[in-house]
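Subject: Structure handover

Hello,

Here is the structure we discussed, for your files. My notes on what was found follow below it.

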Amino acid sequence: ECVRGMCLALALLPRAKRPGLSASKHLASLKSMSIGLAGGALPTFLRHNVAGLRVDCVEIDGTVVELAMKFFGLAPDDQLKVVVQDALELVQQTGDAAYDLILIDVNEVDEEAAMEAPPVTFFSQPFLSAAARILAPGGVLCYNVLCSSRPLFTRIIQRLQVIFANRVFFLQSSSADIDSNYVVFAQRSDAAPWPPCKEDLAALAEQLEQAVPAVKTFGLPSRVLQQFALPLPMRAPP
């Protein structure tokens with residue numbers, strides 16, 4: 001459910017909101033980094049449903065890559081690349097404004113940790129600063145977060161707010177048994193007004209459905225209206 005919600009990040013990109021040409025054409029030639037592979041469902045979906053989008057997958061475990069290719073249909077090509085490397089290192093090594101979109105869906109190895117996904121190191125100040133640096137203006141950093149501690153979740157949201165100048169919001173799962181699951185969005189500053197309202201975001205999700213018909217089954221407009229949450233603005237680092 002939350003992985004599908006991450007597709008909303010496409011609707012936030014400045015190119016997708018330009019007038020004139022269709023949003024689908026504006027999404028072409030965009031570059032995305034997908035951190036955490038698992039079966040490869042998210043990058044494969046993006047590769048085959050967003051024409052022209054380049055997807056660079058980063059996975060630390062080569063065995064995961066082999067299994068995804070053997071059993072889940074992952075098929076790297078010119079538009080879908082797979083890099084076996086620690087993403088924490090790779091982001092630090094990447095040039096400025098290299099990506100329009102960074103998607104993070106990584107599980108914590110320690111199953112007893114309050115932050116089950118992603119590991120808290122993906123919210124460290126060095127990583128967040130590097131992620132913001134490699135995003136193009138208006139680019140979006142998106143996380144699938146599973147956190148059973150509300151105070152900890154608040155702290156990581158505050159860290160994002162500091163780095164991304166308060167341009168942060170999230171969707172919270174409406175399911176009673178997974179109420180600690182969130183999709184978190186942070187946007188590198190551009191000319192668009194902030195904060196957004198859920199009605200405007202739902203309208204952007206509807207535009208995305210027109211540009212990428214495959215996302216219609218995800219119900220993004222209704223999910224935005226039901227699950228959107230905007231944190232209080234931060235005025236100082238936590």
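Alanine 51 lies in the loop between α4 and β2, where helices (H or I, at least four residues) and strands (E, at least two) are DSSP runs numbered from the N terminus. Alanine 51 is exposed, with a relative accessible area of 58%; buried means under 20% relative accessible area, exposed over 50%, and partly exposed in between (1.4 Å probe, protein chains only). From alanine 51 to valine 212 the C-alpha to C-alpha distance is 8.8 Å, although 161 residues separate them in sequence.

Before the rest, two notes on conventions. This is a predicted model, in which local features need pLDDT of at least 70 and side-chain atom pairs count only at pLDDT 80 or more, while totals for chains, interfaces and linings use all residues. Residues are numbered from 1 along each chain as its sequence is written, and side-chain values use heavy atoms, with hydrogens and water left out.

Overall figures

The protein chain has ten helices and nine strands. Of its 238 residues, 48% count as buried. Contact means heavy atoms within 4.5 Å; among contacts between residues at least 6 apart in sequence, 70% join residues at least 24 apart. The accessible surface of the protein chain is about 11,000 Å², and 54% of that belongs to carbon and sulfur atoms; the areas come from the Shrake-Rupley method with a 1.4 Å probe, and for residues only the protein chains shown count as cover.

Helix α4

The buried residues of α4 are Leu42, Pro43, Thr44, Phe45 and Leu46. What do they pack against? Their partners are α1 (2-5), α2 (8-12), β1, β2 (54-59), β3 (80-84) and β4 (99-104).

Backbone

Alanine 38 is not a glycine, yet its phi is positive, at about 50 degrees. This residue sits in the loop between β1 (31-35) and α4 (41-49) and counts as exposed at 56% relative accessibility. Alanine 165 also has a positive phi, near 50 degrees. The loop that holds alanine 165 runs between α8 (150-163) and β7 (168-172), and at 53% relative accessibility alanine 165 counts as exposed. There is a cis peptide bond between alanine 117 and proline 118, with omega about -10 degrees. Proline 118 is in the loop between β5 (115-117) and α7 (125-134).

Glutamine 187

Glutamine 187 is in strand β8 and counts as buried, at 4% relative accessibility. Its side chain reaches two backbone oxygens: that of leucine 12 at 3.1 Å and that of glycine 138 at 3.0 Å. Leaving aside neighbours within four places in sequence, glutamine 187 is in contact with residues including Pro14, Val140, Arg167 and Trp194.

Aromatic rings

Rings of Phe, Tyr and Trp (its six-membered ring) pair if their centres lie within 6.5 Å; planes under 30 degrees apart count as stacked, over 60 as edge-to-face and the rest as tilted. By this rule there are nine aromatic pairs. Phenylalanine 153 and tyrosine 182 are stacked, because their ring centres are 3.8 Å apart and their planes are at 15 degrees. Phenylalanine 153 lies in helix α8 and tyrosine 182 in strand β8 (residues 181-187), so this pair ties together parts 29 residues apart in sequence. Both phenylalanine 153 and tyrosine 182 are buried.

The rings of phenylalanine 169 and phenylalanine 185 are also stacked, with centres 4.8 Å apart and planes at 15 degrees. Here phenylalanine 169 is in strand β7 and phenylalanine 185 in strand β8, so the pair ties together parts 16 residues apart in sequence. Phenylalanine 169 is buried, with a relative accessible area of 1%, and phenylalanine 185 counts as buried at 1%. Ring pairs link Phe169, Phe185, Trp194 and Phe228 into a cluster.

Lysine 31 lies over the face of tyrosine 99, at 5.3 Å from the ring centre; the rule for a charge over a ring is NZ of Lys or CZ of Arg within 6 Å of the ring centre and within 35 degrees of the ring normal.

Cysteines

How many disulfides does a search of the whole structure find? The count is zero, a disulfide being a pair of cysteine sulfur atoms within 2.5 Å. For cysteine 142, the closest cysteine sulfur is in cysteine 7 at 8.7 Å, which is too far for a bond. Cysteine 142 is buried, with a relative accessible area of 0%, and cysteine 147 is buried at 2%.

Regards

Notes. Polar contact = N/O pair within 3.5 Å; in protein donor to acceptor, adjacent residues only side chain to side chain.
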